[in-house]
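The sequence and the model follow.

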Number of protein chains: 2
Amino acid sequence: MSNLSPLVKNTEYAVRGEIAILAEALQEQLENGTKLPFNEITNINIGDPQLLKQKPISFFRQVSSLIENPDLLLDKNLEQVKILYPRDVIDRARKLLKSVGGNIGSYSHSMGIPYIRKQVAKFIEERDGYPSDPERIFLTAGASPAVQMILQCMVNKPDVGVMIPIPQYPLYTASLALFNSRAVPYYLNEQKGWSMDTTDLKEAIDRARKQGTDVRALVVINPGNPTGQCLSDSNMREIIDFCHRERLVLCADEVYQTNSYSKNLPFHSFKKILRSMGPTYDNFELFSFHSISKGVIGECGRRGGYVECVGIDPEIIRQMYTLSSMCVANVQGQIMVELMVNPPSPGEPSYDLYMEETKEIHQSLVRRSVKLYEAFNDLEGVTCSKAEGAMYLFPRIRLPAKALKAAQKAGKQPDVYYCLDMLKATGICVVPGSGFGQKDGTWHFRATFLAPEHTFDEFINLLKSFHKKFMEEHQD
Amino acid sequence: MSNLSPLVKNTEYAVRGEIAILAEALQEQLENGTKLPFNEITNINIGDPQLLKQKPISFFRQVSSLIENPDLLLDKNLEQVKILYPRDVIDRARKLLKSVGGNIGSYSHSMGIPYIRKQVAKFIEERDGYPSDPERIFLTAGASPAVQMILQCMVNKPDVGVMIPIPQYPLYTASLALFNSRAVPYYLNEQKGWSMDTTDLKEAIDRARKQGTDVRALVVINPGNPTGQCLSDSNMREIIDFCHRERLVLCADEVYQTNSYSKNLPFHSFKKILRSMGPTYDNFELFSFHSISKGVIGECGRRGGYVECVGIDPEIIRQMYTLSSMCVANVQGQIMVELMVNPPSPGEPSYDLYMEETKEIHQSLVRRSVKLYEAFNDLEGVTCSKAEGAMYLFPRIRLPAKALKAAQKAGKQPDVYYCLDMLKATGICVVPGSGFGQKDGTWHFRATFLAPEHTFDEFINLLKSFHKKFMEEHQD
């Protein structure tokens, strides 16, 4: 026990913390027939679409299934296989198998399968209208290991820091704690829809530097997690300009890039905005992360993603190569990255079904985000910004003094106290704002809008009753 | 560039280093029609069976293929599917899908899918004859991330150290460098078939402690990588006793446990030996690692494995839970762990084929290990121990003074110089001993015996000609 590294001890990970563990225990009780005030756990704590019964995209799974068992592509099996699988699925499986020498069973190239990195570069070029280099792309087991790899290359001692948004996805603070470095927080502006204010950024970095912190990078999550905002182009230009002036590497967490719901604020990548700003910024350093876990795909279990390194020193690329050699990404995740960046095209047999499935998921996400947003704003003392993107709402709850006292007595943060009560009363599992950080004296929680659409009325009703009762019981 | 963490700079990873990168370039040249002195690259540098055309186990891939696309299990598809897949494959796929709520698309439990952890515990109990607790097993994306997670929990500053064998698998030194801690080397005894000598262990730990190192753990790789030895039961008891006396955690890398070729030295797990030593050792701390990448399975690309924590403090388990929450293992790898520990049973439709496939691979590995061992020992100045286990031979090469000088002139270690020359002349890619560590003044290389059996005569002939020519050219 005394052997335990204090760096690990300082690492916290609220998304899978106390409340998630209690939810598991309650789930087990339900399965064992225990009578509880609810019939099921509503796991809106975590951005995991398929956990909440979102169906996988047929084309993707058909291809991955064929690739698993290449014997199916032998002549003797083709008759049955052609009944089960469309022609373009068979073609795609053959092409992808060819790109890995006929079998997915061996380690890939440390940076990821070269053919798939080329496909990713092509996707980025088409998305942004600017060149992308496959030799500057690493395929990873999701965005999380990519973020960890980058941070590990940049930070290593207590006086080195990285600017992170508050509220933030806890991966960032947890990784910085683990790598023995400092999180330099900056606050998103809740009043202005969780946008970024470069005056605040400047204040935060000056304060950190005055305290002796060597600030090396700025993390931006866009669309935002847990806050759901989308940054405007002009805000993004300000941020790039800020990093340029302050000589910071920009880490752009863009895993929610297809979860963009606002016509006024369509997603643009930082790479695109950067390149549009001209040659002054040619040496700007940017990492951009993407993932198969989000979007309308939601293949969280598979672990796949990539990081594009823009303007990054070749020596750092070489060191990233060493790190990725130590833990090569799984091939199944890489295959899914290819399918994500290169879905069926018009005219191919799988195109219509692919479009139908993805459109339906996207539209349903919009409907569900609005429904939950309205429900939150209906609650006494709760305000919530609309989700312009991502999968989350981050409502603010104003708790009566009696609730704060009760929380203190229970040895809990007030938002944790509220969320635990909610879980026990309704089966609804959310993550308290303190897991992401929030301005002192404000309390929030994060909820996904990923629950199946037909369950919304029921769990919203449970939530409303719980909240009313909680507020009554804790009335000042 | 100045931002690059010195910890990452110090990290080296020879297995995927300079020579592997040159081999890739030569491979590309061959594919583009460039004439070289050989027709193909023989990648015996890395323990990656399927890269060298070993066929995946049919049952495993059939199950994983069905699980990818659960639509195949719908009534409308069952007619075709029953033609393509045996009954027990369909049953197993259904069972595994049920254990993850019907779909593999979502994040698993942070420690791994509970059902699969139970299956692993059952496998360990049957293997060793002693109880195993699924709540002390973490499913991981291969053994490497498990090793890294454990080391990360135990070490964190320059004066903390972990004992590692020399020669060793470079994951250990690379991880310790990355976590800013010390590798405390102990030497395996080449004269005694790379066995472990507890007198040497004691000397090594005393020396390290005298230098102010807080030594916390001992790593043993058994069967050995890169050395191929299997430890005897009495040697294992001595090692356990040594750790007990010195209050060290034992990290047993047992990923080659089914790659055991010697009747005199069958594989026994450290857990089994430990438990057989009675209650004096009840509080002994042991981590044991296993993987789907090795054995006769060789599913390296998928990334799956586990670590069993024996006698480990619950607080450390809790911290391992936090770390694994930050990077949950991919579900496809976990599924394959289940198939590994629970293969088809006698009487099931897939049993005979499974037995035939695994037996053939195992017997072929034995034949190939002997053939390569004899070939190495036939070379002038080369001696090589027999492989009792694992997938590797680690021959010692005695290089003439002229070769040492030529290497120095080229700015290379002599073994690197020799291996680069070998690659350029023969297309055979091996890893120089300096990537694993070796006694000063001795030179080795690591070669797998995984090349397809029918290619052995040809590449061994190339090797013999190269070696003869090299020795002639560098004659003193």
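This is a predicted model: local features need pLDDT of at least 70, side-chain atom pairs count only at pLDDT 80 or more; totals for chains, interfaces and linings use all residues.

Between domain 1 of chain A and domain 2 of chain A, the count of salt bridges is zero. Domain 1 of chain A comprises 6-53 + 356-474, and domain 2 covers 114-341. Their centres, taken over C-alpha atoms, are 27 Å apart. To the contact, domain 1 of chain A gives 36 residues and domain 2 of chain A gives 37 residues. About 2,900 Å² is buried between the two domains, with 58% of that area on carbon and sulfur atoms.

On the side of domain 1 of chain A that touches domain 2 of chain A, the following elements of chain A each give two or more residues.

| Element of chain A | Residue range |
|---|---|
| helix H1 | 6-9 |
| helix H14 | 351-378 |
| strand E10 | 392-393 |
| strand E14 | 443-448 |

H14(A) supplies the largest share of that side, five residues. By residue class, this side of domain 1 of chain A divides into 17 nonpolar, twelve polar and seven charged residues.

In chain B, the loop between strand E5 (214-221) and helix H10 (233-246) holds B:Gln229. Is B:Gln229 buried or exposed? B:Gln229 counts as buried because its relative accessibility is 3%, and buried means under 20%. Its side chain forms a polar contact of 2.5 Å with the side chain of B:Thr227. Leaving aside residues up to four places away in sequence, B:Gln229 touches several residues, including B:Leu188, B:Trp194, B:Ile221 and B:Glu388.

Technical notes:
Residues are numbered from 1 along each chain as its sequence is written. Chains are lettered from A and ligands numbered from 1 in the order in which they are written. Side-chain values use heavy atoms; hydrogens and water are left out. Domain bounds come from an automatic or database domain assignment. Contact means heavy atoms within 4.5 Å. Buried area is the accessible area (1.4 Å probe) that two parts lose on being put together, summed over both. A salt bridge is a side-chain nitrogen of Lys or Arg within 4 Å of a carboxyl oxygen of Asp or Glu. Helices (H or I, at least four residues) and strands (E, at least two) are DSSP runs, numbered from the N terminus. Ala, Val, Leu, Ile, Met, Phe, Trp, Tyr, Cys and Pro count as nonpolar, Asp, Glu, Lys and Arg as charged, and the others, Gly among them, as polar. Buried means under 20% relative accessible area, exposed over 50%, partly exposed in between (1.4 Å probe, protein chains only). A polar contact is a pair of N or O atoms within 3.5 Å; within protein, one must be able to donate a hydrogen and the other to accept it, and residues adjacent in sequence count only if both atoms are side-chain atoms.
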